[in-house]
Amino acid sequence: MGPRAHRAGVERLLASYHAIPPAATVRLAKKTSNLFRARAATNTPGLDVSGLTSVISVDPEARTADVAGMCTYEDLVAATLPYGLAPFVVPQLKTITLGGAVTGLGIESSSFRNGLPHESVLEIDVLTGSGEIVTATPDGEHADLFFGFPNSYGTLGYSTRLRIQLETVKPYVALRHLRFDDLESLQAAMDEIARSRVYDGVAVDYLDGVVFSAHESYLTLGTQTDAPGPVSDYTDMDIYYRSIQHESVNHPKTDRLTIHDYLWRWDTDWFWCSRAFGTQNPKIRRWWPKSLRRSSFYWKLVALDRKYDIGDRLEARKGLPPRERVVQDVEVPIERTADFVHWFLKEIPIEPIWLCPLRLREPAPADADQARPWPLYPLEPKRTYVNIGFWSSVPIVPGQPGGAANRLIERTVTDFDGHKSLYSDAYYTKDEFTALYGGERYDSLKKRYDPDSRLLDLFSKAVQRR
């Protein structure tokens with residue numbers, strides 16, 4: 001896509017906006033989503049984003065790219081890797097869009113040094129709720145929108161174009177999988193590596209981890225390299241997360257991937273969630289088309305389960321209760337990570353668990369009012385957090401209120417001075433939600449950029465599932 005095609009896509013988007021009746025809520029018309037929140041049905045046509053799905057241009061000298069808001073990271077990476085460049089943060093799943101990662105937050109193993117995707121954005125064109133497109137930059141007329149856009153989930157507007165920074169990458173990633181027999185040792189090592197970016201004298205470019213149990217957990221350290229040599233392939237019969245496991249706490253297991261395969265190492269099996277569909281059974285995997293071993297196809301299976309209630313029907317045939325979906329990512333301060341994981345493993349029967357450390361890139365501005373520059377998800381600058389991801393379900397206990405496990409997790413995350421991403425089910429009260437996700441700052445942004453409430457507000461979208 002070039003600038004001319006992009007302008008045509010924007011024109012179609014604006015035409016579709018003006019075609020929506022004034023009293024109707026504005027929404028996107030998109031075929032895919034990486035949200036785990038169910039939404040209320042609507043008969044109102046959505047915004048036409050069909051012309052906003054590509055990379056507009058790449059500037060290899062400036063190491064920047066202009067990207068349409070609905071461009072997937074799969075297409076973005078395909079456009080930048082030939083230049084030896086990649087986005088600062090590439091979320092784990094191929095069909096996550098750049099605009100979605102910025103407005104909904106994204107994370108990956110480069111986040112301990114590169115922060116979150118919105119921190120490498122230079123400017124954003126946003127279709128606001130008032131129906132105009134504005135360009136938001138850190139120091140321009142719409143700086144409030146620039147800083148308020150992350151974690152707004154389309155309630156302030158939709159990005160049509162983002163200019164992002166790119167970083168130089170090498171063709172291979174050398175991996176070291178470190179085993180730990182206790183969570184406290186893992187926490188200490190992760191803290192030190194996140195701060196120093198070095199382990200055993202070797203630079204660390206990527207850092208994440210997996211907890212299989214309180215007595216078996218791993219950190220995976222990735223180092224970019226030019227050195228040629230054999231590489232592994234986890235898109236066929238071998239499964240990436242199983243390759244991490246080994247017996248020795250004294251001798252790391254090593255591996256190598258191309259930079260392309262490293263960036264998408266989790267997508268083939270949706271981390272480990274493909275096991276729910278039998279894909280990890282060798283007898284089934286052998287016949288499962290390789291092209292359908294990807295997160296976007298598993299999403300279609302999830303949609304079928306939601307539509308026909310397949311999972312609960314199968315549980316009922318076994319004489320088992322229905323299950324509560326617990327699909328969440330939370331951030332807790334790194335010094336509380338071991339305590340939280342111990343609590344989680346005791347209270348919520350889900351494993352494995354993903355760990356991904358992060359630090360905000362930019363220091364806090366000197367102005368006291370800007371002490372937390374991203375008001376809708378206020379992580380503290382110069383502090384290391386750990387994203388903890390858990391994606392499964394638990395049996396519903398008779399007599400307990402709906403979402404009991406998720407409610408318990410929310411309370412505990414708050415007690416641990418943490419935050420929860422809003423891509424999945426949320427159960428906060430209005431007062432709790434307001435205190436955690438922007439408060440008056442969000443209200444002022446809403447009044448300025450969506451004065452007629454054409455878009456849903458964040459509480460209605462994230463908690464009330466409207």
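A salt bridge is a side-chain nitrogen of Lys or Arg within 4 Å of a carboxyl oxygen of Asp or Glu. By this criterion, the whole structure contains 26 salt bridges. The structure is a predicted model, in which local features need pLDDT of at least 70 and side-chain atom pairs count only at pLDDT 80 or more, while totals for chains, interfaces and linings use all residues. Residues are numbered from 1 along each chain as its sequence is written, and side-chain values use heavy atoms, with hydrogens and water left out.

**View 1. Salt bridge between Asp-208 and Arg-265**. The two side chains meet at 3.0 Å, N to O. Asp-208 belongs to strand E12 (residues 206-213), whereas Arg-265 is in the loop between helix H8 (259-263) and helix H9 (282-285); the pair links distant parts of the chain, 57 residues apart. Helices (H or I, at least four residues) and strands (E, at least two) are DSSP runs, numbered from the N terminus. Asp-208 is buried at 1% relative accessibility, and Arg-265 is buried at 4%. Here buried means under 20% relative accessible area, exposed over 50%, and partly exposed in between (1.4 Å probe, protein chains only).

**View 2. Salt bridges of Asp-425 with Arg-325** **and Arg-465**. The side chains of Arg-325 and Asp-425 meet at 2.9 Å, N to O. Asp-425 is buried, with a relative accessible area of 5%, whereas Arg-325 is partly exposed at 24% and Arg-465 is partly exposed at 27%.

**View 3. Packing of helices H12 and H13**. Helix H12 (residues 337-347) and helix H13 (residues 404-415) pack at an angle of about 165°, with their axes 11 Å apart. H12 is therefore roughly antiparallel to H13. Axes are lines fitted to C-alpha atoms, for helices over the stretch in contact, and angles run from 0 to 180 degrees between N-to-C directions; angles under 35 degrees count as roughly parallel, over 145 as roughly antiparallel, 65 to 115 as roughly perpendicular and the rest as oblique. Phe-340, Trp-343 and Phe-344 of H12 make the contact with Leu-408, Ile-409, Thr-412 and Val-413 of H13. Contact means heavy atoms within 4.5 Å. Of the residues in this contact, six are nonpolar, one is polar and none is charged. Ala, Val, Leu, Ile, Met, Phe, Trp, Tyr, Cys and Pro count as nonpolar, Asp, Glu, Lys and Arg as charged, and the others, Gly among them, as polar.

**View 4. Crossing of helices H6 and H12**. The axes of helix H6 (residues 183-196) and H12 come within 9 Å and cross at roughly 145°. From H6, Leu-183, Glu-184, Gln-187 and Met-190 meet Thr-337, Ala-338, Val-341, His-342 and Leu-345 of H12. By class, this contact has five nonpolar, three polar and one charged residues.

**View 5. Surroundings of Pro-352**. Pro-352 is placed in the loop between H12 and strand E16 (353-358), and Pro-352 is buried, with a relative accessible area of 1%. Its C-alpha atom is separated by 6.6 Å from that of Val-210, 142 residues apart along the chain. Leaving aside neighbours within four places in sequence, Pro-352 is in contact with Val-210, Val-211, Phe-212, Tyr-241, Trp-272 and Arg-275.
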